[in-house]
Amino acid sequence: MKVVITRPKERANIFAELLKKESFQPIIFPTLELVYNKDVKVDLDSYNWVIFTSPSGVIGLYNILSENQRESIRDKKIAVIGEKTAKTFKKYFGREPDVMPKEYTAESLLEEIKKFIKNGDRFLIPTTPSTRDVLKNNLNADLLLVYKSVEPENLKEKVERLKEELKDDKFILTFTSGLTAKNFFKYVDDEFADIIKSNYIVAIGPITAKVIEEFGFKALTPKIYTIEGMLGIIKTLKEVRE
């Protein structure tokens, strides 16, 4: 069975390898590209907390920091939205984060952070311009735009070609963010929509699933909002098909 991976190319390979081990045929079809901004500066001394809502935020911050600044991260409270972001933070900065919610959403992360903050604490979020406002607004946090997500060139034409490739097959579409879904579905015509509705969509979590629903489709979501959680659902769908 074919499984379409719409996440950025540099983050798609791990998912593809997991799928191959389970005898799926992954199709890497990025609906956004990540561009890191190396021209921004930050005074880390001004902040008590650094909050990461994606692995890309970790990498983006690491790229712009001097060696001394990377060391100073050890003195900050670190909050991460989920398991993958935590692993990326440990890989780049050599320590575990201080706070991670059980449910990998901005709302759950906010509630977890509130358990530990003190009066006067200041928050920095290395992120993208398309980030949600939940953490920024509720914590009065400063955003540091260390990367941006851009739509790949000629995506409309690529979606049309994907339709032709998939129309005679059984397949599963996967989405790991609302933006990957939005960029994809805005180019889906009525014919492709009918084809998709005869197959399955798996979203990494409820926020992504909500975006998909806005386009008139329904998505399944795992209990744990990771690609491993998604894989569990995909394996179940394969059994149903067989």
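What follows is a chat about a few helices and one arginine in a predicted model.

Colleague: Let's start with α10. Which of its residues are buried?

Modeller: Helix α10 covers residues 206–214, and its buried residues are Thr 208, Ala 209, Val 211 and Ile 212.

Colleague: How do you know that they line one face of the helix?

Modeller: Look down the axis of α10: the buried residues fall within an arc of 155°, so they line one face. As background, an α-helix has 3.6 residues a turn, so residues three or four places apart point the same way. On the other side of α10, Lys 210 and Glu 214 are exposed.

Colleague: And what do the buried residues of α10 pack against?

Modeller: Their partners are β9 (171–175), α8 (178–185) and β10 (200–203). After α10 comes Gly 216, with a positive phi near 95°.

Colleague: Take α8 and α10, then. Why is α8 called roughly parallel to α10?

Modeller: The two helices pack at an angle of about 15°, with their axes 8 Å apart. Angles under 35 degrees count as roughly parallel, so α8 is roughly parallel to α10. On the α8 side the contact is made by Gly 178, Ala 181, Lys 182 and Phe 185, and on the α10 side by Thr 208, Val 211 and Ile 212. The crossing of α8 past α10 is right-handed.

Colleague: What makes α7 and α9 oblique to each other?

Modeller: Again, set the angle against the cut-offs. Helix α7 (residues 155–166) packs against helix α9 (residues 190–197) at about 45°, with 10 Å between the axes. Roughly parallel needs an angle under 35 degrees, and roughly perpendicular runs from 65 to 115. The pair is therefore oblique.

Colleague: Which residues make that contact?

Modeller: From α7, Val 159, Leu 162, Lys 163 and Leu 166; from α9, Glu 191, Phe 192 and Ile 195. Here α7 passes α9 in a left-handed crossing.

Colleague: Now the arginine. Why does Arg 95 count as buried?

Modeller: Buried means under 20% relative accessible area. Arg 95 has 13% relative accessibility, so Arg 95 counts as buried.

Colleague: Where does Arg 95 lie, and between which helices?

Modeller: Arg 95 is in the loop between α4 (83–93) and α5 (106–114). Leaving aside neighbours within four places in sequence, Arg 95 is in contact with Ile 73, Arg 74, Lys 76, Ile 78, Phe 89 and Lys 90.

Colleague: What makes the Arg 74 pair a polar contact?

Modeller: A polar atom of the Arg 95 side chain lies 3.4 Å from the backbone oxygen of Arg 74. The cut-off is within 3.5 Å, so the pair counts as a polar contact.

How values were computed
Residues numbered from 1 in each chain as written. Predicted model: local features only at pLDDT ≥ 70, side-chain atom pairs only at ≥ 80, totals over all residues. Heavy atoms only, no water. Buried < 20%, exposed > 50% of the residue type's maximum accessible area, 1.4 Å probe, protein only. Helix = DSSP H or I, 4+ residues; strand = E, 2+ residues; numbered from the N terminus. Arc of directions from axis to C-beta. Contact = heavy atoms within 4.5 Å. Polar contact = N/O pair within 3.5 Å; in protein donor to acceptor, adjacent residues only side chain to side chain. Axes fitted to C-alpha atoms, helices over the stretch in contact; angles between N-to-C directions. Parallel < 35°, antiparallel > 145°, perpendicular 65-115°, else oblique. Left-handed = near helix turned anticlockwise from the far one by under 90°.
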